[in-house]
Amino acid sequence: TMEKENLSRFNRSFEVFKNMRGTSMYYEQSKKNLFAHLRQNGCPTLFFTLSCAEFDWRDLLREIIETVYRKKVTDEEIDKLPASEKNRLISQNYVQTTLHFQKRIDKLFTLMQYDDFFGDSGNKKYHLSSYFYRIEFQQHGAPHVHSLLWIKYSEDSDAPTFKLMNMMK
């Protein structure tokens, strides 16, 4: 067992916080995971950013209305809502909005792993072999994702890369 006097010596004092998002230990662990990912997979193929389009998601508004008012609504009823009401519902239900966004992100990354998700003009099929992402929140609380994507050809070779030299020819 480690004596409490030695905790700071071995940098273990705050290790309990490494699973708590927002703490310095959490981000230190996240950084270590990212660097391990880079060592294992090399340079990523793409840097990918997605923003939350919560005001255009009819199914999100339906979920919020059904949760808040405990009644079923149709697409037509949702479409008739004024923008101010949609804004109010989404702004007041940010936890549900964030969870909905997270489910969409999880689904998108799952779909990108299929062999035919990416393709080129030569009918080659590519898929997402690995990814790393971080969710951040904008000033008004809307989530967005910054991610690194590693894309492979269906036969497990690397996807084509864009080289500056090709532009100069």
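This report walks through a helix packing, some salt bridges and some aromatic pairs in a predicted model.

**Two helices crossing**

Let's start with helix H2, which covers residues 58-68, and helix H4, which covers residues 83-92. Their axes sit 10 Å apart and cross at an angle of about 70°. With angles from 65 to 115 degrees counted as roughly perpendicular, that puts H2 roughly perpendicular to H4.

Who does the touching? On the H2 side it's Leu61, Ile64 and Ile65, and they meet Lys86, Leu89 and Ile90 of H4. Sort the residues of this contact by type and you get five nonpolar, one charged and no polar.

| Pair | N to O distance | Relative accessible area |
|---|---|---|
| Arg58 and Asp79 | 3.1 Å | Arg58 37%, Asp79 45% |
| Asp75 and Arg62 | 1.9 Å | Asp75 28%, Arg62 22% |
| Glu66 and Lys72 | 4.0 Å | Glu66 24%, Lys72 68% |

Take the Arg58 and Asp79 salt bridge to begin with. Arg58 belongs to helix H2 while Asp79 belongs to helix H3 (residues 75-80), so this pair ties together parts that lie 21 residues apart in sequence. Arg58 is partly exposed, and Asp79 is partly exposed too.

Next comes the salt bridge between Asp75 and Arg62, at 1.9 Å from N to O. Here Asp75 sits in helix H3 and Arg62 in helix H2, so to speak distant parts of the chain, 13 residues apart. Asp75 counts as partly exposed, as does Arg62.

The Glu66 and Lys72 salt bridge has an N to O distance of 4.0 Å, and the cut-off for a salt bridge is within 4 Å. Glu66 is partly exposed at 24%, whereas Lys72 is exposed at 68%.

**Aromatic pairs**

Now for the rings. Searching the whole structure turns up six aromatic pairs. One of them is Trp57 with Phe101, a stacked pair with 6.3 Å from centre to centre and 15° between the planes. This pair links distant parts of the chain, 44 residues apart: Trp57 is in the loop between strand E1 (46-51) and H2, and Phe101 is in helix H5 (residues 94-111). Are these two residues buried or exposed? Both Trp57 and Phe101 are buried.

Tyr126 and Tyr153 have ring centres 5.6 Å apart and planes at 55°, so their pair is tilted. Tyr126 comes from strand E3 (residues 125-137) and Tyr153 from strand E4 (residues 143-153), so the pair ties together parts that are 27 residues apart in sequence. Tyr126 is buried, and Tyr153 is buried as well.

And which residues form one aromatic cluster? That would be Phe109, Tyr131 and Tyr133.

H2 packs against H4, and its Arg58 reaches Asp79 of H3. Arg62, also in H2, is paired with Asp75 of H3. The loop between strand E1 and H2 holds Trp57, whose partner Phe101 lies in H5.

Definitions and conventions:
Residues numbered from 1 in each chain as written. Predicted model: local features only at pLDDT ≥ 70, side-chain atom pairs only at ≥ 80, totals over all residues. Heavy atoms only, no water. Axes fitted to C-alpha atoms, helices over the stretch in contact; angles between N-to-C directions. Helix = DSSP H or I, 4+ residues; strand = E, 2+ residues; numbered from the N terminus. Parallel < 35°, antiparallel > 145°, perpendicular 65-115°, else oblique. Contact = heavy atoms within 4.5 Å. Nonpolar A, V, L, I, M, F, W, Y, C, P; charged D, E, K, R; others polar. Salt bridge = Lys/Arg side-chain N within 4 Å of Asp/Glu carboxyl O. Buried < 20%, exposed > 50% of the residue type's maximum accessible area, 1.4 Å probe, protein only. Phe/Tyr/Trp six-rings, centres within 6.5 Å; stacked < 30°, edge-to-face > 60°.
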